[in-house]
Amino acid sequence: MHPAGESHKARKMKPIPLHGDSNASPLDTLLTEIRRCTLCADHLPLGPKPVLRASKTSRLLIVGQAPGTRVHESGIPWDDASGERLRTWLNIDKKTFYDETQIAIIPMGFCYPGRGKSGDLPPRKECAETWMPALQEQLSHIGTTLLVGQYAIQHYLGKRRQKTLTQTVQNWQDYAPEFFPLPHPSPRNNIWLKRNPWFDEEVIPALQTRIKKAL
Ligand code: SF4
């Protein structure tokens with residue numbers, strides 16, 4: 001994952017002020033800075049490899065959790081079973097999903113955080129704290145933000161969220177049109193989806209209507 005002889009520590013650097021190619025837009029410059037980030041390298045078992053995409057014209061923002069090993073490998077966000085299900089929920093094809101002029105894809109943690117006892121670890125907190133405000137400042141055309149999973153919901157809704165993720169998703173209309181809270185589409189949530197048939201029956205059609213309006 002790293003150039004020969006270069007340790008995580010040696011490559012570690014703090015985010016630096018925007019600078020560089022004067023022809024690049026502020027967002028492009030910011031994305032370049034993020035892709036060089038090694039802020040929490042010491043905690044990342046596979047090393048830093050931020051996976052995110054955005055364009056100044058993006059109108060829909062998808063905020064997920066953090067890359068898994070497959071996404072870390074490919075560098076393509078939602079390039080896994082969760083992504084397949086998310087695209088089905090949104091009723092959009094891959095071409096549209098990966099068209100960053102329309103859709104920005106920014107997880108709560110940009111790099112694979114490693115594995116814990118019960119699945120992947122939470123996204124690194126440093127990531128959203130360090131980069132999210134500057135990114136949001138640059139994404140001025142976003143009309144709707146999909147909050148996919150508990151970490152995005154917690155970060156964006158804060159005290160506005162309900163006691164449980166299920167209740168927050170059930171009350172999705174309270175957060176419209178700015179936000180749309182969703183459970184994570186991971187196969188690990190198949191039981192949740194089975195237990196909550198209202199999600200497929202009521203929320204998904206509303207979500208698809210919103211996506212059509214947003215794009
Ligand atoms: S997870 Fe975020 S803060 Fe940590 S190295 Fe990757 S981009 Fe930087």
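Which residues in α2 meet which residues in α6? Before the answer, some ground rules. This is a predicted model, where local features need pLDDT of at least 70, side-chain atom pairs count only at pLDDT 80 or more, and totals for chains, interfaces and linings use all residues. Numbering starts from 1 along each chain as its sequence is written.

Now the answer: P26, L27, L30 and I34 in α2 meet W131, A134, L135 and Q138 in α6, a contact being C-beta atoms, placed from the backbone, within 7 Å. Those residues divide into seven nonpolar, one polar and no charged (nonpolar is Ala, Val, Leu, Ile, Met, Phe, Trp, Tyr, Cys and Pro; charged is Asp, Glu, Lys and Arg; the others, Gly among them, are polar). Helices here are DSSP runs of H or I with at least four residues, strands are E runs of at least two, and both are numbered from the N terminus. Helix α2 (residues 26-35) packs on helix α6 (residues 125-138) at about 155 degrees, with axes 9 Å apart; axes are lines fitted to C-alpha atoms over the stretch in contact, and angles run from 0 to 180 degrees between N-to-C directions. That makes α2 roughly antiparallel to α6 (the label for angles over 145 degrees).

Next, the loops. A cis peptide bond, with omega about 0 degrees, joins A176 and P177, and P177 sits in the loop between α8 (165-170) and β6 (179-182). W78, in the loop between α3 (69-74) and α4 (81-90), has a positive phi, near 55 degrees. Most residues other than glycine have a negative phi, and most peptide bonds are trans.

Technical notes
Parallel < 35°, antiparallel > 145°, perpendicular 65-115°, else oblique. Contact = placed C-beta atoms within 7 Å.
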